[in-house]
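Please read the following report with the sequence and the model at hand.

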Amino acid sequence: MEILYQNLLNIELQHVIMWIIGGILIYLAIAKEMEPTLLMPMGFGAILVNLPLEQARTGVQHVIGTLFNIGIEGAELFPLLLFIGIGAMIDFEPLLTNPKMMIFGAAAQFGIFFTLFMASLFGFELKDAASIAIIGAADGPTSIFVAKELGSSYMGAISVAAYSYMALVPLVQPPIIKLCTTKKERLIKMEYKGKKVSKLTKILFPIVVTVIVALVAPDAVALIGFLMFGNLLRECGVTNSLSETAQNVLANLITILLGLTIANCMKAEEFLKFETLLIMGLGLVAFIVDTFGGIMLAKLMNLFTKKKINPMIGAAGISAFPMSARVVHKMGLEEDNSNFLLMHSIGVNVSGQIASVIAGGLILALVKGMLGL
Amino acid sequence: MHEFIMNIGYAVLEFFYSIDVGNLKNSLSIMGIGMLGIFIVTGVIILTITLLDKLFSK
């Protein structure tokens with residue numbers, strides 16, 4: 001008889017808090033449809049790894065821990081494989097039509113470096129500050145990859161922050177965009193000339209970008225290489241079945257495993273710290289300053305160029321694809337329903353994907369160099 | 001009230017005293033080099049794409 005209630009006595013407050021947090025993530029995923037493919041497995045995983053039952057914990061930990069060791073701890077396999085799928089999903093044509101837009105993708109990574117400074121100010125060690133800062137890359141695989149490479153102790157909080165804020169882009173960005181721009185600026189119309197990009201250019205683009213990034217930031221080669229490999233599968237035209245597999249089966253399979261596996265870092269004793277709240281706050285700062293950085297560059301360029309740029313498209317440089325692009329397009333239509341910014345904002349948005357990987361690689365190289373890792 | 005303000009003051013001083021200046025300097029230099037690096041790489045990519053497009057467009 002005792003065996004039926006004995007384990008109830010093992011429940012601790014920290015476990016209950018983590019169940020609530022897991023429940024909140026599941027609620028946000030299902031009811032609010034916020035990044036459901038990741039927040040739902042993470043939420044459920046958080047509940048699994050915080051069960052008070054010793055045998056259950058051991059059993060669950062063994063499975064999730066093994067997946068973590070293979071997929072993340074060992075060689076960051078899951079984020080890299082997911083990048084093949086992401087690369088296969090991205091159409092870089094809007095960027096190739098107007099490559100100058102890539103400059104806004106670069107500017108919109110400013111939040112990463114600003115947050116690195118802020119995290120250092122709050123007392124985080126350099127490797128943890130850099131791992132927290134990479135939340136601003138608005139890219140889950142990059143965040144997990146960099147945090148693992150630097151050996152950060154906050155991977156759970158960083159992953160939750162990265163994926164949550166990616167889903168919150170439609171809430172976070174509009175007020176910042178309105179604050180940083182005037183009505184006159186938001187009304188600027190940008191003409192889109194749908195120039196045809198040659199197939200050869202589309203095929204060479206992923207190869208060339210991989211080589212260029214590898215030469216400057218070798219630590220980013222795995223990320224950029226897998227992303228561009230996925231894109232090459234899409235663009236070469238002779239591997240359509242592989243491209244479809246990468247976009248659908250591979251991406252979904254890895255997403256299931258990644259979400260559940262990251263929960264290994266969400267055990268109560270690791271997650272329930274003051275630093276977790278601080279990380280959530282710093283992650284938000286990263287997204288805000290990213291948005292600010294992209295917009296400010298556009299405004300600066302408008303001082304020197306005849307053909308004005310709608311500064312809102314700078315905000316699309318954040319790597320949250322395609323939400324950020326859609327937010328900017330929607331805001332443009334709200335100001336003037338004949339102002340179609342979508343193709344410009346998509347071009348900037350996909351360039352942000354590349355720029356965020358470059359930022360991740362540079363951060364890895366610079367931090368590892370400073371710490372002698 | 002006076003004691004409350006003094007306590008806030010001490011907390012602020014303690015915060016600033018605990019700042020690792022070396023770490024801050026490192027993070028500032030990473031900020032500078034990192035942003036410069038991103039813009040340089042982006043510039044090279046933009047030039048390369050423009051060149052590819054000019055070479056291979058019909």
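How many residues does the contact take from chain B and from chain A? It takes 28 residues from chain B and 39 residues from chain A, where contact means heavy atoms within 4.5 Å.

This is a predicted model, in which local features need pLDDT of at least 70 and side-chain atom pairs count only at pLDDT 80 or more, while totals for chains, interfaces and linings use all residues. Residues are numbered from 1 along each chain as its sequence is written, and side-chain values use heavy atoms, without hydrogens and water.

**The interface**

The size of an interface is often given as the accessible area lost when the parts come together. Chain B and chain A bury about 3000 Å² between them, and 85% of this is on carbon and sulfur atoms. Helix α2(B) gives the most to the side of chain B that touches chain A, with 25 residues. There are 0 salt bridges between chain B and chain A (a side-chain nitrogen of Lys or Arg within 4 Å of a carboxyl oxygen of Asp or Glu).

**Two residues**

Buried means under 20% relative accessible area, exposed over 50%, and partly exposed in between (1.4 Å probe, protein chains only).

| Residue | Relative accessible area | Class |
|---|---|---|
| Leu55(B) | 58% | exposed |
| Glu185(A) | 18% | buried |

Leu55(B) lies in helix α2 of chain B. Glu185(A) is in helix α13 (residues 183-186) of chain A. Beyond its neighbours within four places in sequence, Glu185(A) is in contact with residues including Cys180(A) and Pro311(A).

Definitions and conventions: Chains are lettered from A and ligands numbered from 1 in the order in which they are written. Helices (H or I, at least four residues) and strands (E, at least two) are DSSP runs, numbered from the N terminus. Buried area is the accessible area (1.4 Å probe) that two parts lose on being put together, summed over both.
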